[in-house]
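Colleague: I would like to learn how to read a few features of this complex. Please give the general idea each time, and then the case at hand.

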Amino acid sequence: MVRDRLTAEDALDRVTGALGERVVEARLNHGQVDLVVEADHLVEVVTILRDDIALRCRFFTFLSAIDRSTYNFDDGGGAGEDKKEKKVGTIEVLVHLYSPEKVFHVNIHVLLDFEKPVCPSITGVFVGAEWHEREAAEMFGIGFPGHPNLVELYLSEDFEGHPLLKSFKLPARSFVKDWPGAKDPDEAAAGGR
Amino acid sequence: MALDHVDERLERARKPGFGIGLLKGMLVLLKHLFKRNTVIQYPEVKQDLSPRTRGVIALKEENCTVCMLCARECPDWCIYIDSHKETLPPKRKGGRPRKRNVLDRFAIDYALCMYCGICVEVCPYDALFWSREFEYAEYDIRQLTHEKERLSDWMATVLPPLELEEGAELPGQAKPATATTPAAPAPTQGATAGTPASTSSSAAEARPEQVTEAPKTPTAVPEASKPATAETAAEPAPETAKPTEGLKEATEEQQMDASATTTPEPAAKIDAGGGVAQEGTQAEVEEATAAETPAGPTSSAVTETPVAQPPAPVKPTPRPEDLEAPEAAYTRVVEAQKEAGSSPQVAEARAKVARVKAERALTQARAATPQQAAADPEPSGAAAAGEPEPAQGPVAPAEQDDPVPAQGPVAPTEQDDSVPAETGDEPQGAAEPAAEPQSAEGEQPEAAAEDPEAVYERVLAEERSKGSSDPVATARAKAARMRAIKGTLGPADG
Amino acid sequence: MDIDLTAWQILIVKLLIILTVVPVGALIGGYVLHKEMAHMQHRLGPMYAGGWHGWAQTLADGIKFAYKEDIIPASADRRVFSMAPAVIFVPVLLLFLVIPIDRTLIIEDLDVGLFYLLAIGSVGAIGVLMAGWSSANKYALIGALRSAGQLIAYELPIVLSAAAVAMLAGSLSLVTIVEAQDWPFILWPPGIGLALFMLFILGAMAEMSLPPFDMPVAESELITGPFTEYTGMRFIFGFFFAETAHMIAFAGIGTTLFLGGYKPIVPWGPLEVIPGIIWFFVKTAFMIFLLLWIRFSFPRLREDQLQKFAWKFLIPLSLALILATGAWILYGPGG
Amino acid sequence: MAIKDPELQHLQDSSAFADEVSEGRLVTEQMLLNVGPQHPATHGVFRLLATIDGERIVRAEPVVGYMHRGYEKLVEQRDYRQITNLISRMDWLSGINNELPLALALEKLMEIEVPPRAQYLRVALAEMNRILNHLMFFQSFAAELGAITPTFYAFREREDIQYAMESVTGGRMHFGFFRPGGLKEDVPKGFIAMALASIRKVIERLPDYEDLLTGNEIFKQRTINIGLLEKEVAYAYGVSGPIGRGSDIDMDVRRDEPYLVYDEFDFDVCTAPHGDCFDRFWVLLHEIIESAKIVEQALEALPPGPILGKVPRVVEAPKGEVYIRTENPLGELGFYLVSDGGKRPYRIKIRTPSFSNVSALPHVLRDTLVADMIAILGSFFFVLGDVDR
């Protein structure tokens with residue numbers, strides 16, 4: 001039940017206070033705490049968030065990943081100020097925790113190297129993360145050392161490639177049939193199908 | 001905080017009873033043994049579905065100008081359209097031949113369709129409607145592709161939209177008027193639809209009286225169109241394409257209020273009371289965003305063709321005195337547009353439209369005040385100046401506010417429907433079948449006083465005096481001359 | 001004029017009677033099942049088959065199944081697989097031999113009628129096992145084992161309650177049992193009579209694996225239990241006819257044992273005029289209505305709960321009732 | 001036949017086997033039972049790989065992915081209106097609730113102000129859809145336990161509500177009615193009366209359902225203390241909705257972080273402490289009453305006015321990221337919308353309630369009976385479209 005509801009600001013202060021230097025960057029985004037954390041600090045951060053009495057982020061909402069390789073950071077609005085560094089971390093794991101008592105959200109962004117993304121598994125802290133990590137692994141090709149059985153969740157064994165990466169082109173329907181809307185209004189070719 | 005009172009009941013519920021619960025359960029069944037059943041015996045008794053039910057999509061061929069928006073917007077790629085270009089003889093002797101898109105094939109493959117209604121929503125010319133028929137199952141999946149003949153047959157089963165709940169407010173109106181759209185009497189010959197009034201008896205007990213009672217009795221509710229004076233945004237603001245209730249099927253007059261140029265961001269002025277984008281049917285403005293466009297057709301931004309669709313119920317015509325003179329409207333809008341930063345052509349086009357609107361309201365007010373004569377129906381969508389290049393889409397907004405709806409593109413059947421309550425069922429001559437927008441605008445054909453050539457010189461001089469640029473002046477003069485030849489009222493000679 | 005037939009011919013006539021009356025009864029029973037279920041669930045039930053209120057619905061089902069292809073699974077044990085439905089259906093037919101429909105209208109008035117009934121009633125369990133085992137399907141196997149365990153567990157309450165009735169009537173012949181009963185049928189002897197009746201009803205429902213005892217046929221778990229692999233005529237006879245005919249048979253037995261068979265409900269003058277057969281059908285119809293009513297209103301018990309309910313509750317209760325009836329006979333008003 | 005069980009390999013030769021049996025130990029091998037993917041107890045295509053020993057389940061491993069349509073990839077190719085119709089097919093029992101988070105996320109990014117009438121109507125339609133969803137699960141749970149009659153009572157009620165919603169949106173399951181900024185159309189005359197009538201009929205008939213099921217001894221025996229899900233485990237798996245509230249998790253987005261106009265209505269959040277099948281069912285049934293209360297308040301206080309805010313014709317979300325969550329009938333549905341400024345989202349992470357709820361199944365199913373597995377699966381209200389996205 002909701003004990004003492006925190007406003008976004010003091011939730012941010014509490015989180016930064018509790019985590020100290022483990023966090024690369026912390027800010028508020030639409031009333032939710034946004035943290036950028038290094039991969040090796042992740043398990044520590046998640047454990048603190050869950051166990052710290054002042055925070056009690058006990059509800060594991062989800063873990064997923066975002067492939068920001070084609071995200072246009074240029075016009076400044078990108079997630080982080082230093083755009084150059086952002087370009088490197090173009091794939092990130094996103095962990096979202098929620099504190100039912102204090103009613104505030106924490107988004108943890110873990111920036112990973114694009115070629116070989118590896119992020120420690122948090123199934124030790126939240127056992128529910130197992131399925132989420134299996135999905136992120138098969139969809140983004142992220143390695144999760146420490147995961148009990150990292151097998152595919154949705155896709156079949158013989159599926160090559162990682163579908164949710166931007167590089168994975170969705171096999172468009174165009175080779176099945178061409179797009180009916182392709183005709184321009186004024187030169188609509190007569191005698192279509 | 002878990003609720004305590006629930007806990008007692010929960011704890012009591014969890015204690016094992018001694019068969020009493022079983023008996024209570026059995027009594028519930030016995031009770032139902034003697035209740036009247038609520039089952040509709042389907043084939044004999046049909047459920048009286050709402051006109052909004054998404055059963056099948058019907059096509060009104062006359063309205064389709066092959067703008068391909070629906071085919072592009074469809075997420076499932078299930079609309080196939082073919083058309084060819086035809087050159088039509090000039091409208092009048094002096095005019096140049098006009099090119100027009102004629103529909104060859106318009107097919108919807110209902111095997112793929114997911115009935116989302118994006119096409120019906122996105123169609124700028126109200127050519128697609130929802131009909132509530134759903135009994136068109138086939139044995140062979142190929143027959144599920146309905147060609148345009150069959151789609152037109154479905155038009156017979158399209159029902160007029162429903163009256164709105166009291167609080168409903170149309171975007172274009174300040175006061176919440178229950179703008180009903182007195183529509184054509186629901187076509188009773190709809191094969192299986194059964195008259196909407198016949199609510200299935202056995203279901204009546206279970207279902208409160210079905211919403212659509214008898215075919216909408218058209219109530220001459222103050223038509224919510226914008227009286228000229230109130231309407232400040234005279235320029236062709238892409239004001240709400242569809243009335244709030246977006247039930248365009250029934251708006252008997254259909255307007256093509258296309259802003260002349262592809263305004264990237266609609267310089268829309270918010271008219272009273274409503275948001276810019278009409279609530280339901282946002283005409284799809286952005287360029288075709290086909291689902292996975294393989295190469296992404298580099299189609300030019302299709303002209304944003306918001307279809308102005310003010311409800312067409314009869315409006316109390318304001319007195320001529322308090323209407324703004326057309327010329328004043330024209331000048332006012334040009335300045336407004338200039339400092340609003342739009343390009344000269346945009347400003348000028350908008351001003352022209354505003355002038356036509358103002359003048360139209362003026363003449364209509366003048367015509368309506370002496371007697372409730374039904375202006376002869378001017379097919380809407382008439383292009384004020386020059387014929388609409390197909391690509392660019394119809395230009396002039398012929399906002400037809402006259403009491404008698406102009407040729408009803410929406411009329412389900414070819415027979416033009418008029419507002420029954422308004423002036424009786426005086427059969428309107430069916431508008432020319434071809435959707436070729438008649439270029440004449442203006443309503444009361446008065447005998448033109450002067451001969452065309454004199455009109456030409458006079459207008460040319462006038463325009464020059466007013467300082468408009470040369471091409472504009474000649475264009476206006478020629479237009480005036482054409483009108484004189486045709487003998488309709490021009491904007492200037494209001 | 002009386003026709004003198006040899007014993008054989010009488011036997012054939014009797015069998016013919018059974019072979020016609022029981023399937024028709026099963027059809028009617030099926031129809032009543034659909035209709036009652038429908039109206040209890042606030043709907044109409046079959047309306048179209050055969051005209052007014054779909055009276056021919058079960059007939060249509062039967063014909064439909066007859067046309068269905070008769071598939072025997074490849075890995076099934078063919079002979080046992082094809083024999084199983086017969087082993088289930090024939091005992092149900094034989095039950096009708098001894099049920100007295102009217103004072104004289106009884107096919108075979110055995111003086112050990114009740115004993116015969118109970119013996120034939122338990123043959124069905126073997127058929128179910130045969131069906132489950134032979135169709136080489138995991139679900140069928142589980143269904144069969146459950147069904148066998150259940151039939152055996154609930155055999156006892158029926159036998160014991162029937163025994164108590166036999167004690168009260170003093171004979172095993174069904175006709176004498178009916179004669180021995182008089183007016184307030186199940187209410188006499190007070191308490192015991194009603195308890196015996198409830199016992200019999202629960203036992204019968206478990207025998208026929210009607211909900212709440214339909215684990216072997218649990219749709220959501222084992223689809224149709226031992227009969228998952230059966231199609232066509234085998235399915236009809238093994239499952240559908242057997243179940244409905246069984247229901248009618250048990251309703252008949254229940255009427256004869258507890259509700260006073262062909263005797264009028266109230267021994268009041270004018271009611272005596274109505275022939276016994278009418279009374280028998282009225283009471284059986286009530287019994288069928290009761291059985292179906294229970295069937296539609298309850299979820300099913302779990303397998304172990306069912307067994308626990310039988311061994312720990314029903315059987316001790318029936319033993320106690322036997323004791324009570326004995327005491328009643330000795331020290332009660334009769335003794 | 002060969003013994004597959006690794007521990008029992010030493011019994012391959014018959015002599016060792018004979019000694020085992022002679023020592024009185026019954027040698028049984030565990031059977032691998034495939035429940036699904038076509039199985040009446042699973043709500044859709046879902047396979048449970050259960051290793052059973054007799055009738056006791058040793059380990060149950062759900063195999064998902066049969067319904068995986070790849071929403072998160074599809075969504076990156078579609079514009080926002082097409083997405084609205086797409087995601088209403090995720091949890092197909094609550095079509096309109098699925099569309100809500102997308103509309104809210106876009107309104108938050110584009111700072112659109114939604115007129116009050118639209119907000120009230122959204123709440124009313126969402127709650128009516130919640131009642132439809134709950135009635136459906138009330139019926140399917142009862143059917144799985146063997147009671148067939150609740151099915152028809154539940155559908156009788158659903159029909160009226162669906163009819164009312166169809167007269168507004170045009171569809172019965174997939175509505176496609178919410179737009180960023182408001183609704184597609186306004187409600188027809190008579191809708192309020194019809195909706196309130198159908199809601200009141202549900203409330204008036206709930207005591208029947210209580211007698212039919214909750215009071216029923218057999219039902220209690222089948223569900224009490226079956227399938228226990230502890231509170232901490234539920235938190236760890238992210239279980240929310242009626243299942244979470246059945247395990248004493250007092251969380252309801254409508255009350256904790258009120259979106260739309262939920263803060264203007266008074267309704268209770270019903271929770272139950274024990275975390276077994278009975279409690280989950282109890283919470284589900286009582287949420288119907290709460291939803292009905294909300295619908296009544298919303299429709300009676302429906303303000304006049306337009307139903308669409310100021311929305312540009314082309315819905316283009318500005319750059320930015322936002323996580324919006326709403327109380328879907330099955331739990332917390334959240335959209336993490338990353339927008340690149342175009343007409344199409346750059347990425348949407350769809351956090352569906354059933355995905356997390358079902359991931360807690362193996363924990364609950366350990367050491368239960370086969371018949372209980374059916375009760376537990378029935379009491380875990382999940383829809384496969386939600387699980388597999």
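**Reading the model**

Modeller: Start with Glu157(A), which lies in the segment after α4 (129-140) of chain A; helices (H or I, at least four residues) and strands (E, at least two) are DSSP runs, numbered from the N terminus. This is a predicted model, in which local features need pLDDT of at least 70, side-chain atom pairs count only at pLDDT 80 or more, and totals for chains, interfaces and linings use all residues. Residues are numbered from 1 along each chain as its sequence is written, while chains are lettered from A and ligands numbered from 1 in the order in which they are written.

Colleague: Is Glu157(A) buried or exposed?

Modeller: A residue is buried if 20 or more other C-beta atoms lie within 10 Å of its own, exposed if 12 or fewer, and partly exposed in between, with C-beta atoms placed from the backbone. Glu157(A) is exposed because it has 6 other C-beta atoms within 10 Å. Its C-alpha atom and that of Asp10(A), 147 residues apart along the chain, are separated by 46 Å.

Colleague: What pattern does chain A follow along the sequence?

Modeller: Chain A reads α-β-β-α-β-α-β-β-α, with 4 helices and 5 strands. Of its 193 residues, 41% are buried. Two residues are in contact if their C-beta atoms, placed from the backbone, lie within 7 Å. Among contacts in chain A between residues at least 6 apart in sequence, 59% join residues at least 24 apart.

Colleague: How much confidence does the predictor report?

Modeller: pLDDT is the predictor's confidence in each residue, from 0 to 100. Where pLDDT is low, the predicted coordinates should not be read in detail. In chain C the mean pLDDT is 85, and 97% of the residues reach 70 or more. For the complex, the predictor gives an ipTM of 0.81 and a pTM of 0.74.

Colleague: At what angle do α3 and α4 of chain C pack?

Modeller: Two packed helices are described by the angle between their axes and the distance between the axes. Axes are lines fitted to C-alpha atoms, for helices over the stretch in contact, and angles run from 0 to 180 degrees between N-to-C directions. Helix α3 (residues 78-95) and helix α4 (residues 113-121) of chain C pack at about 165 degrees, with axes 9 Å apart. α3(C) is therefore roughly antiparallel to α4(C) (angles under 35 degrees count as roughly parallel, over 145 as roughly antiparallel, 65 to 115 as roughly perpendicular and the rest as oblique).

Colleague: Which residues make the contact?

Modeller: Pro91(C), Leu94(C) and Leu95(C) come from α3(C), and Leu117(C), Ile120(C) and Gly121(C) from α4(C).

Colleague: Which helix of chain D is mostly covered?

Modeller: Helix α3 (residues 80-87) of chain D, with 8 of its 8 residues buried. Among them are Tyr80(D), Arg81(D) and Ile87(D). The cover over the buried residues of α3(D) includes α4 (118-122) of chain B, as well as α2 (71-74), α4 (95-110) and β4 (178-179) of chain D.

Colleague: Which backbone angles should I look at?

Modeller: Trp77(B) is not a glycine, yet has a positive phi of about 55 degrees. It is placed in the loop between α3 (69-73) and β2 (79-88) of chain B, and Trp77(B) is buried, with 22 other C-beta atoms within 10 Å. In chain C, a cis peptide bond joins Pro211(C) and Pro212(C), with omega about 0 degrees. Pro212(C) is in the loop between α8 (192-207) and α9 (219-222) of chain C.
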